[in-house]
Amino acid sequence: MSPLSALNNAALLILQPQRSTSVSASVGDSLVASINRAHAGAGSPLTQAQARITESMFSVNNLDATQMKARLFERVGKEFGIDQDDYDSLFSYGSAIKTALDDLKQKSPSSIAEIEKKLGLDELGISLDTLVNAIVDPNGSDGDRLDAALEKKAGDRGRGEGKAATHTPTQPDEIGLYGG
């Protein structure tokens, strides 16, 4: 298969409607694999560079800060049984999560740390309150803190320092706040 036909096949796969995220992940992975196979025979630096560019563009493992933020917003809602599709705006979605978080603080404050760990907020160095406030007011100071933490995380992944890094995550202080 020529590199041009591999790219044409890739374009067709991308343009086809996807049924679910698991399908898109497997399509993305198979797309990268087929493009890499098409380029495997050629060892020129140009061909190798094109293969790396293609992999970075189509790989489902490479997320930028905006994608990470969207997934985090969705995941925090799921932790509280709240679906973003049920709300007309990000503000109303965030407000519903904030109400659920306030209820949880009254009933089981110890479970907050468990949710923060499950969502990876401890690795980002932000609290659940900061995340929820960033959903309600993305342009506020908590939104800026979240963006900065996600940019740093995305940059770390780009340099190969993601989960395999030998750094220790920022730890909350005695009242549950993360250093900034």
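Modeller: Before we start, a residue counts as buried when its relative accessible area is under 20%, and as exposed when that area is over 50%. Also, this is a predicted model.

Biologist: Fine by me. What share of the protein's residues counts as buried?

Modeller: The fold is made of nine helices and zero strands. The chain has 180 residues, and the share of them that is buried comes to 33%.

Biologist: Where does the largest nonpolar core get its largest share of residues?

Modeller: That core has 28 residues. Elements giving it two or more residues include α4 (65-79), α6 (111-119) and α8 (128-136). The largest share, though, is six residues, and those come from α5.

Biologist: Which residues have the most contacts inside that core?

Modeller: Take L128 as a way in: leaving out residues up to four places away in sequence, it touches V76, F80, L101, I112, I115, E116, L119 and L121. The residues with the most contacts inside the core are F80, L128 and L131.

Biologist: Several of those partners sit in α6. Within what arc do the buried residues of α6 fall?

Modeller: The buried ones in α6 are S111, I112, I115, E116 and L119. In an α-helix with 3.6 residues a turn, residues three or four places apart point the same way. Looking down the axis of α6, the buried residues line one face of the helix, because they fall within an arc of 145°.

Biologist: And which exposed residues does the face turned away from the buried side of α6 carry?

Modeller: The buried residues of α6 pack against α4, α5, α7 and α8. Turned away from that buried side is a face with the exposed residues E114, K117 and K118.

Biologist: Let's look at α4 against α6. How far apart are their axes?

Modeller: Two packed helices are described by the angle between their axes and the distance between the axes. For α4 and α6 the crossing is right-handed. The angle is about 145°, and the axes are 11 Å apart.

Biologist: How many nonpolar, polar and charged residues make up the contact of α4 with α6?

Modeller: From α4 come L72, R75, V76 and E79, which meet I115, K118 and L119 in α6. Sorted by type, the contact has four nonpolar, no polar and three charged residues.

Biologist: Last one: which residue with positive phi follows α6?

Modeller: Its phi is near 85°. The residue that comes after α6 is G120.

Technical notes:
Residues numbered from 1 in each chain as written. Predicted model: local features only at pLDDT ≥ 70, side-chain atom pairs only at ≥ 80, totals over all residues. Heavy atoms only, no water. Core = buried A, V, L, I, M, F, W, Y, C linked by side-chain atoms within 4.5 Å. Buried < 20%, exposed > 50% of the residue type's maximum accessible area, 1.4 Å probe, protein only. Helix = DSSP H or I, 4+ residues; strand = E, 2+ residues; numbered from the N terminus. Contact = heavy atoms within 4.5 Å. Arc of directions from axis to C-beta. Axes fitted to C-alpha atoms, helices over the stretch in contact; angles between N-to-C directions. Left-handed = near helix turned anticlockwise from the far one by under 90°. Nonpolar A, V, L, I, M, F, W, Y, C, P; charged D, E, K, R; others polar.
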